[in-house]
Amino acid sequence: FPSHDNVVVDDSGSVARRLGILKVFDGPVHSVWARGKYCFFVSGGSLYRRVAGENVLVTSDIGDSHMYYELMFNKCYMSNGSVRLIVDDNSVTAWVANVPAQVQSDKRVLGIVSDFTRLCVHAGRMFVQKGNGIWQSEPGNPGCFNLGSGPMSFGELGDFVSVGNGMYVSCEDGIVFLEGAAKEDFIRKTVYGKSAIPGTLGVVNGTDIEDSQEFFGNTAAWVSSDGVCFGDVS
């Protein structure tokens, strides 16, 4: 092959030319996210979904702040700090409070947290970021939070992800592992002394990692000033 061709060599030794770059949208975009059948991005204050090779306008006038996404109950929940939406194949609805009827003895203050950004589903709850705090929803109800209990507080809170029996959180202490299913029983462990470079903490398939240590299932991965790091379920 000529030196300017970009090629792929597969496991059998066969060589093929790598597919070229295909432009699918004209104009600047941000907040690109894809999982399963869903693929979204933001451009010019409008939210688009990529479906069957086409760009479909979902809604406009959402602003140009970064949009965060999470999948729960086969629906995509999203927030950019001021606009909250729920999108599935058939509808686009506002993500609003969904508070069940409370008995008289239930003194909890239930509602939805305002102005949150990052999202993470863990152990059947929605966890959301507001400032340097992480709030948790009631089990199975991403529209209902116990506002009276307050958030879990961190300094310089960054990304957070769910892996197995806990959550990895990038914060002022470095990388913290919250072992457990909810705020009430989390055991906090600092597992790495440096925080993640913003935007790099995510989840990968551990069996895809080529490393001297074996990882299985969902594995946290991030980049720090030391390089690429991995964390499993403990």
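Biologist: In which loop is the place of D61?

Modeller: This is a predicted model, in which local features need pLDDT of at least 70 and side-chain atom pairs count only at pLDDT 80 or more, while totals for chains, interfaces and linings use all residues. Residues are numbered from 1 along each chain as its sequence is written, and side-chain values use heavy atoms, with hydrogens and water left out. Strands here are DSSP runs (E, at least two residues), numbered from the N terminus, and helices are runs of H or I with at least four residues. On that numbering, D61 has its place in the loop between β6 and β7.

Biologist: Is D61 buried or exposed?

Modeller: Buried means under 20% relative accessible area, exposed over 50%, and partly exposed in between, with a 1.4 Å probe and protein chains only. The phi of D61, a residue other than glycine, is positive, near 60 degrees. With a relative accessibility of 73%, D61 counts as exposed.

Biologist: What is the relative accessible area of A52?

Modeller: A52 has its place in the loop between β5 (46-51) and β6 (54-59). Its phi is near 50 degrees, a positive value in a residue other than glycine. A52 is exposed, and its relative accessible area is 77%.

Biologist: How many bridges join β7 to β8?

Modeller: Two strands count as paired if DSSP finds at least two bridges between them. β7 and β8 form a hairpin with two residues between them, and F73 in the turn has a positive phi of about 55 degrees. Y68 stands opposite S79 in β8. The strands run antiparallel, and the number of bridges joining β7 to strand β8 (residues 75-79) is five.

Biologist: Which strands stand at the edges of the open sheet of four strands, each with a single partner strand?

Modeller: The order of this open sheet is β17-β18-β19-β20, with antiparallel pairing. One side of each edge strand is left without a neighbour in the sheet, because each has a single partner strand, and these strands are β17 and β20 (187-192).

Biologist: Which residue in β18 is the bridge partner of V163?

Modeller: β17 and strand β18 (residues 166-171) pair in the antiparallel sense over four bridges. The bridge partner of V163 in β18 is G166.

Biologist: Which strand gives the largest share of the lining of the largest pocket?

Modeller: A pocket is an open set of points on a 1 Å grid over the protein atoms alone, where a 1.4 Å probe fits, with protein on both sides within 12 Å along at least five of seven lines, and lining residues have an atom within 4 Å of a point. About 610 Å³ of space lies in the largest pocket, and of the 21 residues that line it, the closest to its centre are W33, Y69, L119, V161 and L201. Strands that each supply at least two residues of the lining include β3 (30-35), β12 (119-122) and β21 (202-205). The largest share, four residues, comes from β3.

Terms used: Grid points are joined across faces, edges and corners, and a volume is the space filled by probe spheres set on the points.
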